[in-house]
Amino acid sequence: MAAPSAPAIDPVTLAVPFFILAIVLEIILARFGKVKAVYEAKDTATSLLMGFGSGIAGLLTGGVVFAASVWVYKYHLFDIPMSAAWAWLAIFLLEDLTYYWFHRLSHERRFWWAAHVNHHTSQHYNLATALRQTWTGGTAGTWALWLPLSLLGFPPAMIAIQKGISLVYQFWIHTEAVRRMPVWFEALFNTPSHHRVHHARNPRYLDSNYAGILIIWDRMFGTFVAELDEEPCRYGVVKNLGDFNIVRVAFHEWVGIFSDLLTARSLREAFFYLFGAPGWSPDGSRQTSTMLKAQWADMQTAEPVKTDPAAAS
Amino acid sequence: MDQKYIITQLVTLAIVAGIMGLVAWAKIPRATPALDEAEVKHRLAEDFPQAPLDQIWLAIDGAGAIARSGDEALLLFRLGDSYVSRSLAWSHALQADLIKGRYWFKFNDFAAPKASLALAPDWAQAVTGETI
Ligand SMILES: [Zn+2]
Ligand SMILES: [Zn+2]
């Protein structure tokens, strides 16, 4: 067996010039009214600097993550050749399924939400928002979810390449410039419309559309929510940040966890502060997304649906 | 850390600066007209759907508002071209510091530690008789 090596190609590095060009185009086209896109200067700076910092953070933990993948691969169950087309199809599906559960965990459990929340802190949804990436993902350990793929026998380089392809795919869907893709595409793939819903803080849209490339997982596991034209997405998190400070963007939920742990009165409370749903509190004085959705549903039955186009502003 | 890496990072930062310049030139943020009472009610109802509003005080620059809902104060303040909301105890809201014409409210929340509103000096007193 040849020693597994680092991937010869990194899709993310290769795509960086395309990312820059696409952002520049989106801004210019929006400037001339050709596409819908909203950019606010400080918000954009925050997104881009989060992306820049994420690259540095990834460099620090990336080696450990790849080494873990190589170590697990030593015990792999099957020999999966990188040269076989079926192997690429298999890794495409399995990596995307892994991504779905990683992403779902990252929203539904606070410890991992703390690492992912920064991606959702912008009240805007444009291509720059896509680059608002985590600084603490490596530390949060969610990369371990991909280790079973190494154990199965997918070469670590193959997994790394597919993870890169997924990240690159997810860049272009962060836009309001595309309203809907063709029906067959919307049915199968994650799209700007589906991911807008994922970034929305409207109670109706919370905790949905965790897909990476294929939207089929959300449809299979019951987390799919379609975007409704009559309910425009309001972007951001349930409690939006008070300023554009990137340190706050990167670490606010970690600080929140830490200060809650200091007040925990039992191990049980400490456990739920760490691994409960975001918004969990011992006395129910804060709201989880499940509570917010239930409250919203109650109000819908109490009064007829009222949609206001001004909500889009 | 080799030289090539440092150069790559500097080039990346230069590109970030370039995009910032482009955004400044394009001027494509959301419009931020001065808030009126209806808009404040609409936005607070999104974030605090079950809180009845007893009274609203608009900031004089139209960039925010404070509302009383029983023992709670609900704040709405502009951030860039968007808005952020928070609640705090009404009694705490009355202790806001007045600095250069702006009232500073503290939230005990690392995600949004404080916010300021340009309120009329007698904003609470005028209506409730309470002293600030
Ligand atoms: Zn997410
Ligand atoms: Zn996203």
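I began with A:His199, which is buried at a relative accessible area of 2%. The model is predicted, and every value here is computed from it.

I looked up A:His195 next. A:His195 is buried too, with a relative accessible area of 1%. Both count as buried because the cut-off is under 20%.

Then I turned to the zinc ion (ligand 2). Which residues coordinate it? I found A:His119, A:His174, A:His195 and A:His199, each through NE2, at 2.1 Å. I noted the sequence spacing of these donor residues as H-x54-H-x20-H-x3-H.

I checked the geometry of this site. The angles among the four donor atoms run from 95 to 157°. I recorded the site as irregular. Tetrahedral would need all angles between 85 and 135 degrees, so the 157° end rules that label out.

I moved on to the zinc ion (ligand 1). Its protein donors are A:His103, A:His107, A:His116, A:His120 and A:His198. Again I logged NE2 as the donor atom for each, at 2.1 to 2.2 Å from the ion.

Where do A:His103 and A:His107 sit? I placed both in helix H3 of chain A, residues 85-108. They are four residues apart, about one turn of the helix.

Last, I took the distance between the ions. The zinc ion (ligand 1) and the zinc ion (ligand 2) lie 5.7 Å apart.

Notes:
Residues numbered from 1 in each chain as written. Chains lettered and ligands numbered in written order. Predicted model: local features only at pLDDT ≥ 70, side-chain atom pairs only at ≥ 80, totals over all residues. Heavy atoms only, no water. Donors = N, O, S within 2.8 Å, 3.2 Å for Na, K, Ca; no water. Tetrahedral: all angles 85-135°; square planar, octahedral: opposite > 155°, others 65-115°. Buried < 20%, exposed > 50% of the residue type's maximum accessible area, 1.4 Å probe, protein only. Helix = DSSP H or I, 4+ residues; strand = E, 2+ residues; numbered from the N terminus.
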